[in-house]
Amino acid sequence: LVDILERYQVARIIQTTNVSDSPASVAFTSASQNEGAELLQAQAGQVIQLGASTTVRILAPFGDATMWESNAASIIVQVSYGEVDFLLPGDAPMATEEYVAARYDKSIVSEVLKLGHHGSKTSSSGIFLDAVQPAYAVVSAAKDSRYGHPHDEVIERVEERNIEIVSTAEEGTIEFLTDGARVWIQ
């Protein structure tokens, strides 16, 4: 995310209260403070209106995530444009995904799902996939990831549900277009 802040003028940063002393976290904290952006603390239930047709809904974290394991403190957001929804679960583990699925039920149905934690076997449970019911599942991972992302178990779960998989490792940048009623890959 430091690269994003260097490349773009960012007006608003949504973050958790989670604290980490990892080099990446320290670098991002410093860069975000220097950005001059509005800093918001994510909390489940927040809704941010980005325009007449675009809404960001924070689904997690619930409560103070300061001392949580960093992946469990991931921000889960649903971005909606018209009737089309994109669900972005960060690195949230299965337990968090399943809690979100139970809490929000049908309201998390989304046409596009970025698979959690780069397709790690710790995320994208069957329960979560069934709740989201995406048409597309996006894997954001490096080619030949040293972590083995995406994991074969996750790909199998996605394929069993006839969800179209698109991968940044295979295709590079993936762009979705929507008119607010339908969504497609450019």
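Which side chain meets that of Glu 38 in a salt bridge? The legends below describe close-ups of a predicted model.

**View 1. Glu 38 pairs with Arg 12 in a salt bridge.** The N to O distance is 3.2 Å. Glu 38 belongs to strand 2 (residues 38-41) and Arg 12 to strand 1 (residues 12-15), so the bridge ties together parts 26 residues apart in sequence. Glu 38 is partly exposed, at 40% relative accessible area. Arg 12 is also partly exposed, at 37%. The structure holds four salt bridges.

**View 2. Asp 130, Glu 160 and Arg 161 form a salt-bridge network.** Between Asp 130 and Arg 161, the closest N and O atoms are 2.6 Å apart. This pair links distant parts of the chain: Asp 130 sits in helix 4, and Arg 161 in the loop between helix 5 and strand 9 (164-167), 31 residues apart. Arg 161 also meets Glu 160, at 3.7 Å, N to O. Glu 160 is exposed, with 53% relative accessible area. Asp 130 is partly exposed at 44%, and Arg 161 is partly exposed at 27%.

**View 3. The largest nonpolar core has 23 residues.** Val 100, Ile 108 and Leu 115 touch the most other members. Elements giving two or more residues include strand 4 (54-60), helix 3 (94-104) and strand 8 (136-139). Helix 4 provides the largest share, four residues.

**View 4. Asp 152, Glu 153, Glu 156 and Glu 159 form a negative surface patch.** Asp 152 lies in helix 5 (residues 152-160). Asp 152 is exposed, at 62% relative accessible area.

**View 5. Thr 66 and Asn 18 lie 3.8 Å apart, C-alpha to C-alpha.** In sequence they are 48 residues apart. Thr 66 is in the loop between strand 4 and strand 5 (76-81). Thr 66 is partly exposed, at 24%.

Definitions and conventions
Residues numbered from 1 in each chain as written. Predicted model: local features only at pLDDT ≥ 70, side-chain atom pairs only at ≥ 80, totals over all residues. Heavy atoms only, no water. Patch = residues over 30% accessible without salt bridge, like charges linked within 9 Å, V, L, I, M, F, W, Y side chains within 5 Å. Areas by Shrake-Rupley, 256 points an atom, 1.4 Å probe, with all protein chains shown as cover. Lys, Arg positive; Asp, Glu negative; His and termini not counted. Charge placed at Lys NZ, Arg CZ, Asp CG, Glu CD. Buried < 20%, exposed > 50% of the residue type's maximum accessible area, 1.4 Å probe, protein only. Core = buried A, V, L, I, M, F, W, Y, C linked by side-chain atoms within 4.5 Å.
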